[in-house]
Each structure stands twice: as C-alpha cells, then as structure tokens.
Amino acid sequence: MKTAASSMMSPLSHSPTFSTLICPSKLHPRYLHFLSFSPSIFPNYRTHSSTHTKPSSSPHLIVRNCTSITAKPSSAIRKNHNNSEQDDKLRALRELFAKPGIGIDAYIIPSQDAHQSEFIAECFMRRAFISGFTGSAGTAVVTKDKAALWTDGRYFLQAEKQLSSNWVLMRAGNTGVPTTSEWLSDVLAPGCRIGIDPFLFSFDAAEELKEAISKKNHKLVYLYDLNLVDEIWKESRPTPPNKPIRVHDLKYAGVDVSSKLASLRSELSGFGSSSIVVSMLDEIAWLLNLRGNDVPHSPVMYAYLIVEIDGAKLFVDESKVTSEVMDHLRYAGIELRPYDSILSEVESLAAQGACLWLDPSSVNAAIVNTFKSSCDRCLKTNGNNSKTNAKNFDGSHDRPMGPTGLYRISPVSLSKAVKNHAELEGMRDSHLRDAAALAQFWFWLEEEINKGMKLTEVEVADKLLEFRLKQAGFIDTSFDTISASGANGAIIHYKPEPGSCSFVDVEKLFLLDSGAQYIDGTTDITRTVHFGEPTERQKECFTRVLQGHIALDQAVFPENTPGFVLDAFARSSLWKIGLDYRHGTGHGVGAALNVHEGPQSISYRYGNLTPLQKGMIVSNEPGYYEDHSFGIRIENLLCVNEVDTANRFGGIEYLGFERLTFVPIQSKMVDLSLLSISEIDWLNGYHSQVWEKVSPLLEGSPRQWLWNNTRPLFKP
C-alpha cells in the first residue's frame, strides 16, 4: 500500500521540519536517527536534544473525553456530498468563528487524531466530514469566505472527484502550490487570528505554524476546550466503540513487557530523564505487548502511556481492559488511569520536579504546553534553585533543580522498527499463509473472467477477503483493499464503493493492492495483471516498473545508509524514458501492527535520515500511473539483512534484503526484450522460490495455477 514519502503528513506543510528546540536543521525530528546504535532493545540516539528549564507560559488546559472510539475506514463515509450539504457545513462552521471565546478568522482542520495517527477512528475523521474528501492524508483550511484542501500526489484524482465546488484543491508538492501558511498569509489581511485544536497538532507542527503565520502578524489561537467541527457534527457524529484490548502472545512478541520497560528506563536514565510520555498508538501497543481494535485495520487502542523510573501508568478507557489484560499489566507494574486524565498527570509530574521526555514531533501541543505552563508555575512558586520531590536514579530526593523537559525523538520508535527473531518468524509465516490465500484468489478470479462473469471491483475485493478469512490467525485486512480496473488504477489510493465502482474489464489493466493482519504478522502486496492482451505501451511501462523493483530488491549497501539513497534504484528505468511516479518507493511495516510504520522509509524526499538497519521491514513498490487510463504497481515486503560481501571496506557491514512476499508476477505483462539476462534470472529465481515455499500449502487447481505462473522465462 502506498504511503507518502514520510510516515505522516504534516497538517501545516508538506516539507519535513525540525523543532527549533531540538536542532536548527530543517529535518523533521521524528526521522533524525544518527548512525551508531547500541545493541539493546532501546538504541542510544545521538541526536541533538534540548532540556527545557525556563519554559514559556501557556494557558491551563482541560482535556476532552475521548474514551472509546468507533473504527471504520475513512472511505466508508459516503462520498459525493452535494454542494448544498457542503454549503450548510461551511456556513455552520463559519458562524462559530465570531462566538465569544473563539473570535477567529480562519480554522485549520488536519487529518490526525490526538496521537498523530495516519489511520483514525471514524469519530475523529473531522477533515473528511467537513470537506467530503476521505483520503487518509490532507489538511482543510476554512476562512470566512474561502475553503481549501491540501493533499499529496496519491490523492489528487480522488480529491478532484470528492470535493465540491466550494473547495479549492491544493496539489501539495506541485510547483507554485503554496503551503497552508503561505496561502493564509496571502488571503488574510495582516493581524488575523487563526484557530486550531491543539490536541490534533504535534508540538512541532503547531510551533512551525505559529512561526510561519507570525510573518504577517497573524496569531495562532489554541482552542483547547472544543473542536469546532465537533460542534457542528453534533448527534450525527459516530458513536465510540467499546471493543476489548487483547494480550499479544509472547511467542509472537518475542520480548516480554518487563524487559522492554527495563530497556526504556535504561535509556531514560542515560539521558538524565525521570519519565516519558508515549503517545503514538503503535508504540504503546508494541511496548506493552497489547493489541486493540479502535482504529480500522490497525490493531491498536486509544491510550497514552507514561513510564517513570519506578512505575508506569496507562491512560485508557478501563471498560476495554479484560481481566486477562489487567493481570498482564499488573505483572509488569503498570497502573491504569482514565484516558482523559493525561493532562492532570503531566501537571503532577511537573509539580514533582520531573525531567520529562517528550517527542515534540508526535506528542500533541496540548500535552507539551500543559507541561510547559506547569513548569512555569513551579519555578515561580519554588524558585529555580529549590530542591524538589523528584527521585534521582539512585532513589534519593535531593536533585537541586525544578521540572525540566527533554525534547527528543521517542526511543520506542526505532526499537519497534527493528524486529526481533520471533517477530521476523511471525512475519515470514504469515506471508506464506497470505500467499496461499492469494494463489487461491487469483485462480478463482481468472476462472470467473474466463467464464465471462461480470464482477465489480467490490465483489472482487470481498472474495479476496473470503480466501484470507480461511487462513489460520487471520484478524482483519491491514487497509482498505485497492481493487482498481482501468483508469481507477491511476488513483493511487482508490477504494471501490458499492453502487459506483467499475466492473473488472478483461480489456483493461487490473491493479490489486491488499494486505492482512494476522495474529503473527502484517502483509501488504500489490500485483497488476491483464486478463486479455496488454498493449505494447502497458507492457513497456510494466517492465520498467519491474526493473526498478528488481534493482531495489537486489541492492547491497553499507550500514548507516538512509532509505532515500536507495530510492533512485527503483526509478532509474522509468527515468530513462522520462517517466516517474508521485509517491515514495517504500514504507516501514509493523509486525502484527500498523501497515505503515516509521521511522524508516525509502523515498525521494531526503529529509528522513533514518538508516536502514538489520531487522527493519520495508515495502518495495515502484509504480507508474497514466491519469484517466491505467495504473501499475508491483509491491513486495522486504526485510533488511546482512550480506556477506567479498570485502568490508571501512570495516563495516553491508546490508541487503530478504524477500517476505511470494506471489507470482504476471509473465504476459513482461516485455522480455527490455530485460537483461540477469533480470530474467532474478524473475525466474523469484518464481522458483514462490513455488518452493507456497506450493506445499496448496492443492488441486490453485496449486496447478501456481505451477503455471511460476514457469521460467527465456529471452527470445
């Protein structure tokens, strides 16, 4: 599944930026990982950090209740809102601008929830509600007389279809397209007030926005107590779910919670910190060996976690916590707290003189500002040289300083990305079961097409789900299946809808991007096929995409290499004839967790300096898309591993990739005249592996289909 070049889309702009608290670089702090790491679960980050000793003041905050959440994919919200409905929503929103206690001239609605999640529960899909655009990435900005929406290249065609005439589409990244802050500065008179919900912006994003709009003397207004979209959504807002949390078995997790917490506390101690706020949902699920069902396709639960040197607190709706989960948490020394008490706990930590680790790229501005204002109050009350009640790491209470903030990337992010042995085994095993389901599916689909059956894109996606449901350990899809015939394949994150989708056309290319969540792993695979005879143009484009896929699969590179260095490998063959694609080449993937995972990626955007490391999993998915005609993408998942090279220049390791995905690549789409002998050898070798690994899981006609589609090819 395609993601943007970075792991999340900033609600402010589309270029990665750094908080000035951390370093003057213009790279986003969540992606800055330098090149030397310890072998423990929590590597030692060698990034620049900032200790906050004299924080600026900010208003006292009150958190809103966000306990249980109903999860549905954003694409499930009805599309094609008419202009009248959109007019009513925008009119109602603008009427709130002048209300007492609000007083704003513009309002920014990002895609994220309070945890900066890419995929979110339906009741948090505020940008989709107000705009009608249901893609996973985008930012809406509404002024008193204008409305604009920014999204990236994956969603240009989708946004064109879904936005009403009340909205202006801003194609982020295209030449001449302003950022949100640039546009606001252009359309607003100097000295205006721009409102945001600080729970929906990371601290970094809010600070960047504040600085950018200040150039025209605009003021950023934090509306802590209410979200304006919620105010007009009212009773029609989706109800929150209440599904239970489950324990992720140790045989799949590989490391127990106590060991993970011990490594994290060692990391805190090494940086002089006494506690940390963890707010990213997949980081919490990984750290505590828990899985939830609050977000569509992502096995996470809405929660915050505070880890201290001598304890930990999980902030979650307790009605989701089963007796098994309660025992699991107690054994690890974790206390439960109400979800909406996170801010009061942060205030308490400041009063105790804590040195609190906060990742400003992921922790929301409401939490960070709560801590900053609490620090101010403590310092004014006690004086800068007063002793506090905070514990030192030897258990004493005589640290002669007030509360401080340590602003650094979360150490959990990288630890989660580097999979352990059990996680890798689970990923390998789940991919083979998934491959068996896909072989059964492709055999079925070809048979139906050959019989002349007329199948819609939705029917095809539903049938694939049926095959996956039969596999051991299947839990859910890992994202909405992209089942796209013909021109729909050019919509990079297309989702077919009943009643409006296309039929699968034998004379057109068919792109299928799908994935699954299993108890032991997460899959993501794309194949593009033709059920008739592809054109020469289609075959050439497909073959060049395949050449890029092969080049990245075969890449060997020195340790400490960031993913962006490898991106050109996948594009080079397309570049030779002046073609390209508008998305990154690879995203990280979680182990029985989110299908999109940071900090690693393979992308043309060079802001992500995270080096690829042994045990990381990334996708390999170059593509090519002709608007209103067809789309092509070939995607496998890869695991970074060590390569035994003849030399070790500089005394360092060299790395490469192990394939996890084993599903045939359609031979009829390949123009063998364009492939080198070595590329044909790669394709034949890959298909040999597919047969060897997957055929034992099949029988009958699907097994014969696999045999037919893994036969070696020879250059004419």
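Analyst: One cut-off comes up at once: contact means heavy atoms within 4.5 Å. Note too that this is a predicted model.

User: Which residues meet that cut-off with glutamine 471, leaving aside its neighbours within four places in sequence?
Analyst: They are Arg433, Ala436, Ala437, Gln440 and Tyr518. Glutamine 471 itself is found in the loop between α15 (457–469) and β16 (474–477).

User: Why is glutamine 471 called buried?
Analyst: Buried means under 20% relative accessible area. Glutamine 471 has 16% relative accessibility, so it counts as buried.

User: Why does valine 458 get the label buried?
Analyst: The cut-off is again under 20%. Valine 458 is at 13% relative accessibility, so it counts as buried. This residue lies in helix α15.

User: What is valine 458 in contact with, leaving aside its neighbours within four places in sequence?
Analyst: Pro496, Glu497, Pro498 and Cys501. Take glutamate 497: it is 39 residues from valine 458 along the chain, yet their C-alpha atoms are separated by 6.6 Å.

User: What does α15 lie across?
Analyst: Helix α15 lies across β16 and β19. It runs at about 160° to β16.

User: What is the strand order in the open sheet of 3 strands?
Analyst: The order is β16-β19-β20, with antiparallel pairing.

User: What makes β16 and β20 edge strands?
Analyst: Each pairs on one side only.

User: How do you know that β19 and β20 pair?
Analyst: Two strands pair if DSSP finds at least two bridges between them. Strand β19 (residues 516–518) and β20 have 2 bridges, in the antiparallel sense. Glutamine 517 has threonine 522 in β20 as its bridge partner.

User: How many bridges join β6 to β7?
Analyst: There are 4 bridges between strand β6 (residues 193–196) and strand β7 (residues 219–222), which run parallel. Isoleucine 196 stands opposite tyrosine 222 in β7.

User: What makes the crossover from β6 to β7 right-handed?
Analyst: With the strands pointing away from the viewer, a right-handed path over the helix runs clockwise. The path here goes from β6 through helix α5 (residues 203–213) to β7, and this β-α-β crossover is right-handed.

User: How do you know that the span of helix α18 agrees with its number of residues?
Analyst: The 18 residues of α18 (residues 677–694), at 1.5 Å a residue, should span 26 Å. The end C-alpha atoms are 26 Å apart, so the two values agree.

User: Which residues of α18 are buried, and what covers them?
Analyst: Among the buried ones are Trp682, Leu683, Tyr686 and Trp691. Their cover includes α14 (421–450), α16 (536–553) and α19 (700–708). Strands β21 (525–530), β28 (636–643) and β29 (654–659) are also part of the cover.

User: Which residues touch the most other members of the largest nonpolar core?
Analyst: Leu288, Leu314, Ile334 and Leu358, out of 70 residues in that core. A second, separate core of 63 residues includes Cys501, Leu512, Phe630 and Trp691. In soluble globular proteins, nonpolar side chains tend to be buried together.

User: How many helices and strands are there in the protein, and what share of its residues is buried?
Analyst: There are 19 helices and 29 strands. Buried residues make up 64% of the 716 residues.

Notes. Residues numbered from 1 in each chain as written. Predicted model: local features only at pLDDT ≥ 70, side-chain atom pairs only at ≥ 80, totals over all residues. Heavy atoms only, no water. Expected span 1.5 Å × (residues − 1). Buried < 20%, exposed > 50% of the residue type's maximum accessible area, 1.4 Å probe, protein only. Core = buried A, V, L, I, M, F, W, Y, C linked by side-chain atoms within 4.5 Å. Axes fitted to C-alpha atoms, helices over the stretch in contact; angles between N-to-C directions.
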